[in-house]
Amino acid sequence: MSWEIWGNGDCFGEMAILEQPLKHLTALSLAPVQLLVIPAQRFLQLQILQLSIRRSIKLYLRLQMLDYSPKSQLLKTSHPAL
C-alpha cells in the first residue's frame, strides 16, 4: 500500500478512470474536506475539452508569430581579413 499527502485544491483518482477495470480508491482525511465526485464520462469530456483548448491556444500563438513583423533584422556581414 502506498501513501500520499495532498493539500488544498489537490485531487486524486483521475488516472483510475482511464484504467480498465476501474479501481476503487480509499482516502483518509486528517481535516474536514469537500468532495467533488465527477462521473467518468463527464471527466473524459472535460479532458477532451481541455486538450482542445490547449491546442487552440497553441495554434493561435503560432498564427500570431507568422504575422509578427520584427522591429530589427539580422544582417550578414563580412569582416576584412586581418
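Analyst: Welcome! A residue is called exposed when its relative accessible area is over 50%, buried when it is under 20%, and partly exposed in between. Please keep in mind that this is a predicted model.

User: Why is asparagine 8 called exposed?

Analyst: Asparagine 8 has a relative accessible area of 82%. The cut-off for exposed is over 50%, so asparagine 8 counts as exposed. You will find asparagine 8 in the segment before H1.

User: What makes arginine 62 exposed, and where is it in the chain?

Analyst: Arginine 62 has 56% relative accessibility.

User: Why is isoleucine 53 called partly exposed?

Analyst: Isoleucine 53 comes to 45% relative accessibility. Partly exposed lies between the buried limit of 20% and the exposed limit of 50%, so isoleucine 53 is partly exposed. Isoleucine 53 sits in helix H1. It also belongs to a nonpolar surface patch of about 770 Å², made with Leu36, Ile38, Leu46, Leu49, Ile57, Tyr60 and Leu61.

User: How do you know whether leucine 44 is buried or partly exposed?

Analyst: Leucine 44 has a relative accessible area of 29%. Buried would need a value under 20%, so leucine 44 is partly exposed. Leucine 44 is found in helix H1. Leucine 44 and glutamate 14 are 9.5 Å apart in space, C-alpha to C-alpha, and 30 residues apart in sequence.

User: How many helices and strands does the chain have, and what share of its residues is buried?

Analyst: The chain has 1 helix and 0 strands. Of its 82 residues, 4% count as buried, with buried meaning under 20% relative accessible area. The accessible surface of the chain is about 9100 Å², and 61% of that belongs to carbon and sulfur atoms.

Notes
Residues numbered from 1 in each chain as written. Predicted model: local features only at pLDDT ≥ 70, side-chain atom pairs only at ≥ 80, totals over all residues. Heavy atoms only, no water. Buried < 20%, exposed > 50% of the residue type's maximum accessible area, 1.4 Å probe, protein only. Helix = DSSP H or I, 4+ residues; strand = E, 2+ residues; numbered from the N terminus. Areas by Shrake-Rupley, 256 points an atom, 1.4 Å probe, with all protein chains shown as cover. Patch = residues over 30% accessible without salt bridge, like charges linked within 9 Å, V, L, I, M, F, W, Y side chains within 5 Å. Salt bridge = Lys/Arg side-chain N within 4 Å of Asp/Glu carboxyl O.
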